[in-house]
Amino acid sequence: MTSRLKPVVLALALTNLLPLAAQAQQALVPAQSEIQFVSRQMGVPVQGKFKSFSAQVAFDPAKLAASKIAFTVDTGSADISREANAELPKSEWFNVAQFPKATFQSSSVKRLDGNRFEVAGKLSIKGLSSDVVVPVTLAQSGATTTATGSFPIKRLAFRIGEKEWADTSMVADEVQVKFKLALTGVGKL
């Protein structure tokens with residue numbers, strides 16, 4: 001490569017890395033974050049959580065159209081109780097061997113008012129995808145922005161709880177997903 005082309009190639013490479021650098025400034029703080037779910041088994045609420053998940057966030061309150069949010073949840077990290085935890089990885093539930101990850105990828109972010117937003121996107125679990133709209137409230141304290149919210153999903157739409165577990169009198173179809181995500185590097189709201 002000629003010495004005149006090297007600066008051009010370097011400049012192009014850096015230009016391609018700038019969006020990644022902006023994303024790298026926003027990071028999930030796992031110790032302050034949680035993803036929970038509440039289902040009903042024979043009418044009784046059953047709460048669980050995912051112990052392992054990650055996020056890739058490029059959120060700019062001033063440029064919502066360019067904002068992107070993606071989550072990956074390790075389905076094998078679902079935690080309800082010792083007995084349930086032994087069942088959840090099986091093919092009838094999360095089928096962790098074939099589908100170890102559930103994902104969410106945003107398609108749009110819209111401000112509702114002040115610190116309340118709506119994030120639309122695709123949720124994929126067990127190889128099936130569905131459009132979801134997630135209400136999110138943001139709160140800032142120092143360098144940390146905390147995003148909280150909840151939204152319902154229909155577990156049977158994702159084949160979670162198949163065969164004898166498809167009976168909604170045993171386990172309700174609706175599952176409420178709740179989250180609290182602490183992020184660093186988000187601009188002022």
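User: Start with the strands. How do E10 and E11 pair, and over how many bridges?
Analyst: Strand E10, residues 144–154, runs antiparallel to E11. Eleven bridges hold that pairing. Keep in mind that this is a predicted model.

User: Which residue stands opposite Phe 179 of E11?
Analyst: Gly 149 stands opposite Phe 179.

User: What about E2 and E11, how many bridges there?
Analyst: Five bridges. Strand E2 covers residues 34–41, and the pairing with E11 is antiparallel. Within that pairing, Gln 36 has Lys 178 in E11 as its bridge partner.

User: And E1, how is that strand joined to E11?
Analyst: By two bridges, again in the antiparallel sense. E1 spans residues 27–28, and E11 spans residues 174–184. Ala 27 sits opposite Thr 184 of E11.

User: Let's move to E4. Which residues are on its covered face, and which on the uncovered one?
Analyst: Phe 53, Ala 55 and Val 57 make up the covered face. Ser 54, Gln 56 and Ala 58 make up the uncovered face. The strand covers residues 53–58.

User: What is the pairing between E4 and E5?
Analyst: Antiparallel, over six bridges. E5 is residues 68–74. Phe 53, on the covered face of E4, stands opposite Val 73 in E5.

User: Now the core. Which residues touch the most other members of the largest nonpolar core?
Analyst: Ile 35, Phe 59, Phe 94, Leu 123, Ile 125, Ile 153 and Leu 181. That core has 40 residues.

User: Which elements give two or more residues to it?
Analyst: E2, E4, E5, E7, E8, E9, E10 and E11. Strand E7 is 101–113, strand E8 is 116–125 and strand E9 is 128–141. The largest share comes from E11, with five residues.

User: Back to Leu 181. What is it in contact with, leaving aside neighbours within four places in sequence?
Analyst: Leu 28, Ser 33, Glu 34, Ile 35, Phe 53, Phe 71, Thr 145, Thr 146 and Ala 147. Ile 35 is also among the core residues that touch the most other members.

User: Switching to charges. How many salt bridges does the structure hold?
Analyst: Nine.

User: Why can such side chains pair at all?
Analyst: Because opposite charges can pair when the charged atoms come close.

User: What is the N to O distance for Lys 110 and Glu 118?
Analyst: 3.5 Å. Lys 110 has 45% relative accessibility, and Glu 118 has 25%. Both values lie between the 20% and 50% cut-offs, so Lys 110 and Glu 118 count as partly exposed.

User: And Glu 87, which residue does it form a salt bridge with?
Analyst: Lys 90, with the closest N and O atoms 3.1 Å apart. Glu 87 is partly exposed at 36%. Lys 90 is partly exposed too, at 39%.

User: Last one. Which residues are linked in a network of salt bridges?
Analyst: Lys 126, Arg 159 and Glu 162. Between Arg 159 and Glu 162, the closest N and O atoms are 3.7 Å apart.

User: Are those two buried or partly exposed?
Analyst: Partly exposed. Glu 162 has 26% relative accessibility, and Arg 159 has 33%.

Terms used. Residues are numbered from 1 along each chain as its sequence is written. This is a predicted model: local features need pLDDT of at least 70, side-chain atom pairs count only at pLDDT 80 or more; totals for chains, interfaces and linings use all residues. Side-chain values use heavy atoms; hydrogens and water are left out. Two strands pair if DSSP finds at least two bridges between them. Helices (H or I, at least four residues) and strands (E, at least two) are DSSP runs, numbered from the N terminus. Buried means under 20% relative accessible area, exposed over 50%, partly exposed in between (1.4 Å probe, protein chains only). A salt bridge is a side-chain nitrogen of Lys or Arg within 4 Å of a carboxyl oxygen of Asp or Glu. A nonpolar core is a set of buried Ala, Val, Leu, Ile, Met, Phe, Trp, Tyr and Cys residues joined through side-chain atoms within 4.5 Å. Contact means heavy atoms within 4.5 Å.
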